[in-house]
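Here is a briefing on one protein chain. Look over the sequence and the model, then read the points below.

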Amino acid sequence: MILTEEMKTWYGQLATLGTLGRFSKMPGTLGSIAGTILWLAFGGIPWWAIAAAALLGCLAADKYEKAAGREDPGEVVIDEVVGVWISSWGFDLSYAIVALFLFRIVDITKPFPIKHFEKLPGGVGIMADDIAGGVVVNLLLRFIHWLFFAGGLAALLALAGK
């Protein structure tokens, strides 16, 4: 693989996760899997590290996009890493694979209002749709957990008079 000049920079290395984004025809999936592996390897990622990765990711993705001369280059995968981390945040490690699969579905389909976030300019737009997708998946997982594991279904049935 030939590395472009922008890939050799700090922002290129961060945006593409050490060029990992160039190793597959499905870089978003590969980036999401890498993020999940990191999540599991570190036993989760603290919120401040997720926030720092999101901020640095915005900066790196913006600089990389400008240097590459292309809008939202596919090899930029730091957005998927941050998105899958947000999806998994606050849950024990057993939720990581479910979070990964739900995140990929949301990231690929980009339901309303997530699609609108990618229209933001530069690195913010690259990161924002995946951050929003991560928040949606996290909330969905919280609902699923409540419904099936925290008495939510029983409470709803009781409200319905059954």
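Arg70 is partly exposed, with a relative accessible area of 37%. Here buried means under 20% relative accessible area, exposed means over 50%, and partly exposed lies in between (1.4 Å probe, protein chains only). This is a predicted model: local features need pLDDT of at least 70, side-chain atom pairs count only at pLDDT 80 or more, and totals for chains, interfaces and linings use all residues. Residues are numbered from 1 along each chain as its sequence is written, and side-chain values use heavy atoms, leaving out hydrogens and water.

**Salt bridges**
- Arg70 forms a salt bridge with Glu75, with the closest N and O atoms 2.5 Å apart.
- A salt bridge is a side-chain nitrogen of Lys or Arg within 4 Å of a carboxyl oxygen of Asp or Glu.
- Glu75 is buried, at 10% relative accessible area.
- Side chains of opposite charge can pair when their charged atoms come close.
- Asp62 and Lys66 also meet in a salt bridge, at 2.7 Å from N to O.
- Both Asp62 and Lys66 lie in helix H3, 4 residues apart, or about one turn of the helix.
- Lys66 counts as exposed, at 60% relative accessibility.
- Glu5 pairs with Lys8, with 3.4 Å between the closest N and O atoms.
- Glu5 is exposed, at 57% relative accessible area.
- Arg104, Asp107, Lys110 and Asp129 are linked in a network of salt bridges.
- The whole structure holds 7 salt bridges.

**Overall build**
- The chain has 8 helices and 0 strands.
- Helices (H or I, at least four residues) and strands (E, at least two) are DSSP runs, numbered from the N terminus.
- The C-alpha trace spans about 65 × 35 × 30 Å along its principal axes.
- Of the 162 residues in the chain, 44% are buried.

**Nonpolar core**
- The largest nonpolar core has 34 residues.
- Such a core is a set of buried Ala, Val, Leu, Ile, Met, Phe, Trp, Tyr and Cys residues joined through side-chain atoms within 4.5 Å.
- Ile50, Tyr64, Val76, Val82 and Trp85 have the most contacts inside this core.
- Helices H1, H3, H4, H5 and H7 each give two or more residues to this core.
- H3 gives the most, with 9 residues.
- Leaving aside neighbours within four places in sequence, Val82 is in contact (heavy atoms within 4.5 Å) with Ile50, Ala53, Ala54, Met127 and Ile131.
- In soluble globular proteins, nonpolar side chains tend to be buried together.
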